[in-house]
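Here is a short note to go with the model you are about to open. Take it point by point, with the structure beside you.

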Amino acid sequence: MTYNTDMDTYADTMIRSIRFEVGCVFTPVSMLLDACVITSSRGTIAYVGSKADAPVSDSARRIEVPDLWLAPGFIDIHTHGAMGIGFGVGENLAGDLEQYAGWVLQNGVTGFLCSVVAEDS
């Protein structure tokens, strides 16, 4: 399965885009081997699909990493925190959220929903 924008937009998206050639790409519905992901100069995904079928541009920065896999960012839908951070515990919730967000981003999590622990009454 191939995901792409309208073919007429490739002239614009390929000017300063990045072409990632990877061993595997995970999409919401499939796993693509020997695949390619192209991002536009605006930072949006312009193409996901077979490397053989991908549009070609001499101006796109090309990154070949055949041993790596690409996957969408993960969303953790239930977390109480980690790394000594507990949501709803302590006085610095904003600082804790910022510190936790930086840590999970390094591990592939691009969004999360905080779960708090209620105090016993």
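1. Leaving aside its neighbours within four places in sequence, which residues is Arg19 in contact with? They are Cys36, Val37, Ile38, Lys51, Ala54, Pro55, Val56, Arg61, Arg62 and Ile63, where contact means heavy atoms within 4.5 Å.

2. A word on the basis: this is a predicted model, in which local features need pLDDT of at least 70 and side-chain atom pairs pLDDT 80 or more, while totals for chains, interfaces and linings use all residues. Residues are numbered from 1 along each chain as its sequence is written, and side-chain values use heavy atoms, leaving out hydrogens and water.

3. Arg19 sits in strand 2 (residues 18–26); strands are DSSP runs of E, at least two residues, and helices runs of H or I, at least four, numbered from the N terminus. The chain has two helices and seven strands, in the order β-α-β-β-β-β-β-α-β.

4. Is Arg19 buried or exposed? Arg19 is buried, at 9% relative accessible area (buried is under 20%, exposed over 50%, partly exposed in between, with a 1.4 Å probe and protein chains only). Buried residues form 28% of the 121 residues in the chain.

5. Of the contacts in the chain with a separation of 6 or more, 55% are between residues 24 or more positions apart.
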